[in-house]
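The sequence and structure come first.

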Amino acid sequence: VYDKWDAELDNFMMKLSIVDSFDLKLAQVLTENTNAGSMLTLAEETGNFIIENDGTYTLRMPIKRSMLRRLMRKFNSDCINKLYYGAGQYYLENGRFPDAVQMFEKSGNTGKIFEVLKANSCKNQADGYYSELRRYYLRMPEEVTVDNPDMIAGMSMLQSVIMNEDESERWYGILKEYARKIDKNRVLKVDRK
(Lines give C-alpha, C1' and ligand atoms only; values in the text may rest on other atoms or scores of the structure.)
Protein backbone atom coordinates (compact mmCIF):
# COMPACT_ATOMS: atom_id res chain seq x y z
CA VAL A 1 0.00 0.00 0.00
CA TYR A 2 2.69 2.49 0.98
CA ASP A 3 4.59 1.97 -2.26
CA LYS A 4 1.71 3.70 -4.04
CA TRP A 5 1.94 6.73 -1.78
CA ASP A 6 3.72 9.90 -2.68
CA ALA A 7 7.25 9.73 -1.19
CA GLU A 8 6.71 13.03 0.66
CA LEU A 9 3.54 11.69 2.32
CA ASP A 10 5.31 8.46 3.29
CA ASN A 11 8.18 10.42 4.86
CA PHE A 12 5.72 12.78 6.59
CA MET A 13 3.72 9.95 8.16
CA MET A 14 6.82 8.06 9.30
CA LYS A 15 8.10 11.10 11.19
CA LEU A 16 4.74 11.67 12.90
CA SER A 17 4.66 8.08 14.12
CA ILE A 18 7.06 8.80 17.01
CA VAL A 19 4.34 10.63 18.99
CA ASP A 20 0.93 9.47 20.18
CA SER A 21 -0.86 12.64 19.10
CA PHE A 22 0.10 15.99 17.62
CA ASP A 23 -1.19 19.37 16.59
CA LEU A 24 -0.26 21.26 13.44
CA LYS A 25 2.70 23.00 15.11
CA LEU A 26 4.23 19.73 16.33
CA ALA A 27 3.67 18.21 12.88
CA GLN A 28 5.63 21.13 11.41
CA VAL A 29 8.42 20.70 13.96
CA LEU A 30 8.77 16.95 13.46
CA THR A 31 8.52 16.91 9.69
CA GLU A 32 10.29 20.23 9.11
CA ASN A 33 7.50 20.84 6.63
CA THR A 34 5.87 24.27 6.65
CA ASN A 35 3.17 22.77 4.43
CA ALA A 36 2.13 20.30 7.15
CA GLY A 37 -1.52 21.37 7.01
CA SER A 38 -1.76 20.38 3.35
CA MET A 39 0.06 17.13 4.08
CA LEU A 40 -2.43 16.28 6.84
CA THR A 41 -5.28 16.94 4.42
CA LEU A 42 -3.59 14.69 1.85
CA ALA A 43 -3.16 11.97 4.49
CA GLU A 44 -6.85 12.20 5.40
CA GLU A 45 -7.82 11.98 1.73
CA THR A 46 -5.47 9.06 1.02
CA GLY A 47 -7.09 6.79 3.58
CA ASN A 48 -8.68 6.51 6.98
CA PHE A 49 -5.34 6.79 8.75
CA ILE A 50 -5.68 9.91 10.87
CA ILE A 51 -8.26 10.87 13.48
CA GLU A 52 -8.71 14.61 14.02
CA ASN A 53 -10.41 15.96 17.13
CA ASP A 54 -10.48 19.71 17.74
CA GLY A 55 -7.06 20.37 16.19
CA THR A 56 -5.38 17.32 17.70
CA TYR A 57 -4.43 14.52 15.33
CA THR A 58 -3.85 10.86 16.10
CA LEU A 59 -2.59 8.17 13.77
CA ARG A 60 -4.72 5.05 13.94
CA MET A 61 -2.79 2.43 15.89
CA PRO A 62 -2.13 -0.02 13.03
CA ILE A 63 -0.75 2.76 10.80
CA LYS A 64 1.27 4.23 13.70
CA ARG A 65 2.94 0.89 14.42
CA SER A 66 3.57 0.23 10.76
CA MET A 67 5.00 3.70 10.12
CA LEU A 68 7.22 3.48 13.20
CA ARG A 69 8.65 0.16 11.99
CA ARG A 70 9.29 1.72 8.56
CA LEU A 71 10.95 4.73 10.18
CA MET A 72 13.28 2.47 12.16
CA ARG A 73 14.25 0.59 9.00
CA LYS A 74 14.66 3.56 6.66
CA PHE A 75 16.28 6.24 8.86
CA ASN A 76 19.63 6.09 10.62
CA SER A 77 19.87 6.50 14.39
CA ASP A 78 21.06 10.12 14.16
CA CYS A 79 17.94 11.11 12.20
CA ILE A 80 15.67 9.22 14.58
CA ASN A 81 17.35 10.77 17.64
CA LYS A 82 16.91 14.21 16.06
CA LEU A 83 13.17 13.54 15.66
CA TYR A 84 12.82 12.52 19.30
CA TYR A 85 14.91 15.50 20.38
CA GLY A 86 12.69 17.88 18.37
CA ALA A 87 9.56 16.43 19.95
CA GLY A 88 11.14 16.70 23.40
CA GLN A 89 12.06 20.33 22.82
CA TYR A 90 8.52 21.10 21.65
CA TYR A 91 7.03 19.46 24.74
CA LEU A 92 9.50 21.25 27.03
CA GLU A 93 8.64 24.64 25.54
CA ASN A 94 4.94 23.86 26.02
CA GLY A 95 5.28 22.72 29.64
CA ARG A 96 4.50 19.08 28.89
CA PHE A 97 7.36 17.80 31.04
CA PRO A 98 6.48 14.07 31.22
CA ASP A 99 6.24 13.92 27.42
CA ALA A 100 9.45 15.93 27.07
CA VAL A 101 11.41 13.57 29.33
CA GLN A 102 10.19 10.51 27.41
CA MET A 103 11.28 12.03 24.10
CA PHE A 104 14.67 13.14 25.43
CA GLU A 105 15.22 9.68 26.90
CA LYS A 106 14.49 8.11 23.51
CA SER A 107 16.85 10.61 21.87
CA GLY A 108 19.60 9.61 24.31
CA ASN A 109 20.02 13.17 25.61
CA THR A 110 20.35 12.90 29.40
CA GLY A 111 21.39 16.55 29.75
CA LYS A 112 17.98 17.64 28.52
CA ILE A 113 16.32 15.28 31.00
CA PHE A 114 18.11 17.14 33.79
CA GLU A 115 16.90 20.43 32.28
CA VAL A 116 13.29 19.20 32.31
CA LEU A 117 13.55 17.98 35.91
CA LYS A 118 15.06 21.29 36.95
CA ALA A 119 12.25 23.22 35.19
CA ASN A 120 9.68 20.99 36.89
CA SER A 121 11.30 21.66 40.28
CA CYS A 122 10.84 25.41 39.71
CA LYS A 123 7.10 25.03 39.21
CA ASN A 124 4.57 25.49 41.96
CA GLN A 125 4.35 22.17 43.79
CA ALA A 126 0.68 21.79 42.86
CA ASP A 127 1.53 22.22 39.17
CA GLY A 128 4.62 20.00 39.15
CA TYR A 129 4.77 16.49 37.73
CA TYR A 130 6.54 14.82 40.63
CA SER A 131 4.66 11.52 40.54
CA GLU A 132 4.90 11.22 36.75
CA LEU A 133 8.63 12.02 36.74
CA ARG A 134 9.67 10.23 39.91
CA ARG A 135 11.66 7.47 38.22
CA TYR A 136 13.74 10.11 36.42
CA TYR A 137 14.33 12.09 39.61
CA LEU A 138 15.29 8.94 41.48
CA ARG A 139 17.77 7.87 38.78
CA MET A 140 19.52 11.25 38.84
CA PRO A 141 22.95 10.89 40.49
CA GLU A 142 23.02 12.61 43.87
CA GLU A 143 26.32 14.34 43.09
CA VAL A 144 24.60 16.11 40.17
CA THR A 145 21.50 16.99 42.17
CA VAL A 146 23.30 18.52 45.18
CA ASP A 147 24.86 21.22 43.01
CA ASN A 148 21.50 22.72 42.08
CA PRO A 149 19.11 24.22 44.66
CA ASP A 150 16.08 23.76 42.41
CA MET A 151 16.83 20.06 42.07
CA ILE A 152 17.48 19.70 45.80
CA ALA A 153 14.09 21.28 46.50
CA GLY A 154 12.54 19.05 43.83
CA MET A 155 13.99 15.93 45.44
CA SER A 156 12.66 17.00 48.84
CA MET A 157 9.24 17.62 47.31
CA LEU A 158 9.27 14.31 45.42
CA GLN A 159 10.17 12.36 48.54
CA SER A 160 7.33 14.09 50.35
CA VAL A 161 4.88 13.26 47.53
CA ILE A 162 5.84 9.58 47.62
CA MET A 163 5.52 9.69 51.43
CA ASN A 164 9.15 9.04 52.20
CA GLU A 165 9.39 11.48 55.07
CA ASP A 166 12.95 10.64 56.16
CA GLU A 167 14.37 11.19 52.66
CA SER A 168 12.32 14.37 52.24
CA GLU A 169 13.80 15.73 55.48
CA ARG A 170 17.30 14.67 54.42
CA TRP A 171 16.96 16.61 51.16
CA TYR A 172 15.48 19.56 53.02
CA GLY A 173 18.54 19.51 55.28
CA ILE A 174 20.80 19.50 52.20
CA LEU A 175 18.88 22.52 50.90
CA LYS A 176 19.26 24.39 54.20
CA GLU A 177 23.01 23.65 54.16
CA TYR A 178 23.22 24.90 50.56
CA ALA A 179 21.42 28.13 51.56
CA ARG A 180 23.72 28.55 54.58
CA LYS A 181 26.81 28.29 52.34
CA ILE A 182 25.35 30.85 49.93
CA ASP A 183 24.62 33.27 52.79
CA LYS A 184 28.11 32.75 54.21
CA ASN A 185 29.67 33.51 50.80
CA ARG A 186 27.58 36.68 50.49
CA VAL A 187 28.75 37.87 53.93
CA LEU A 188 32.39 37.19 52.99
CA LYS A 189 32.06 39.19 49.77
CA VAL A 190 30.47 42.12 51.61
CA ASP A 191 33.21 42.05 54.31
CA ARG A 192 35.95 42.15 51.65
CA LYS A 193 34.50 45.32 50.11
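N11 is partly exposed, with a relative accessible area of 28%. In this predicted model, N11 belongs to helix 1. N11 and G95 are separated by 84 residues in sequence, and their C-alpha atoms are 28 Å apart in space.

D20 sits in the loop between helix 1 and helix 2 (24–31). The relative accessible area of D20 is 58%, so this residue counts as exposed, the cut-off for that class being over 50%. D20 and K64 are 44 residues apart in sequence, while the C-alpha to C-alpha distance is 8.3 Å.

## Overall fold

The chain has eleven helices and two strands. In sequence order the elements run α-α-α-β-β-α-α-α-α-α-α-α-α. The chain is more spread out than a compact globule, because its radius of gyration is 22 Å, well over the 16 Å that the globule rule gives for 193 residues.

Along the principal axes, the C-alpha atoms fill a box of roughly 75 × 40 × 30 Å. Of the 193 residues in the chain, 39% are buried.

## The salt bridge between R70 and D10

The chain has eleven salt bridges by the distance rule. One of them joins R70 to D10, with 2.7 Å between the closest N and O atoms. R70 is in helix 4 (residues 61–74) and D10 is in helix 1 (residues 7–16), so the pair ties together parts that are 60 residues apart in sequence.

Both partners fall under the 20% cut-off for buried residues: R70 is buried at a relative accessible area of 9%, and D10 is buried at 7%. The pair is also part of a network of salt bridges that links D10, R70 and K74.

R170 pairs with E167, the closest N and O atoms being 2.9 Å apart. Both residues lie in helix 11 (residues 165–192), three residues apart, which is about one turn of the helix. R170 counts as partly exposed at 32% relative accessibility, and E167 also counts as partly exposed, at 25%.

E177 forms a salt bridge with R180, and here the closest N and O atoms are 2.4 Å apart. E177 and R180 both lie in helix 11, with a spacing of three residues, about one turn of the helix. E177 is partly exposed with a relative accessible area of 32%, and R180 is partly exposed with 44%.

## Surface patches

A patch of negative charge on the surface is formed by E44, E45, E52 and D54. Within this group, E45 is placed in helix 3 (residues 36–46). E45 has a relative accessible area of 63% and is therefore exposed, since exposed means over 50%.

L138, V161 and I162 make a nonpolar surface patch of about 210 Å². V161 lies in helix 10 (residues 149–161). The relative accessible area of V161 is 36%, so this residue is partly exposed.

## Residues with positive phi

Most residues other than glycine have a negative phi. Two exceptions are described here.

E32 has a positive phi of about 55° although it is not a glycine. E32 is found in the loop between helix 2 and helix 3, and counts as exposed at 58% relative accessibility.

M163 is likewise not a glycine, and has a positive phi of about 65°. The location of M163 is the loop between helix 10 and helix 11. At 76% relative accessibility, M163 counts as exposed.

Terms used:
Residues numbered from 1 in each chain as written. Predicted model: local features only at pLDDT ≥ 70, side-chain atom pairs only at ≥ 80, totals over all residues. Heavy atoms only, no water. Patch = residues over 30% accessible without salt bridge, like charges linked within 9 Å, V, L, I, M, F, W, Y side chains within 5 Å. Areas by Shrake-Rupley, 256 points an atom, 1.4 Å probe, with all protein chains shown as cover. Salt bridge = Lys/Arg side-chain N within 4 Å of Asp/Glu carboxyl O. Lys, Arg positive; Asp, Glu negative; His and termini not counted. Charge placed at Lys NZ, Arg CZ, Asp CG, Glu CD. Helix = DSSP H or I, 4+ residues; strand = E, 2+ residues; numbered from the N terminus. Buried < 20%, exposed > 50% of the residue type's maximum accessible area, 1.4 Å probe, protein only. Rg over C-alpha atoms; globule rule 2.2 N^0.38 Å.
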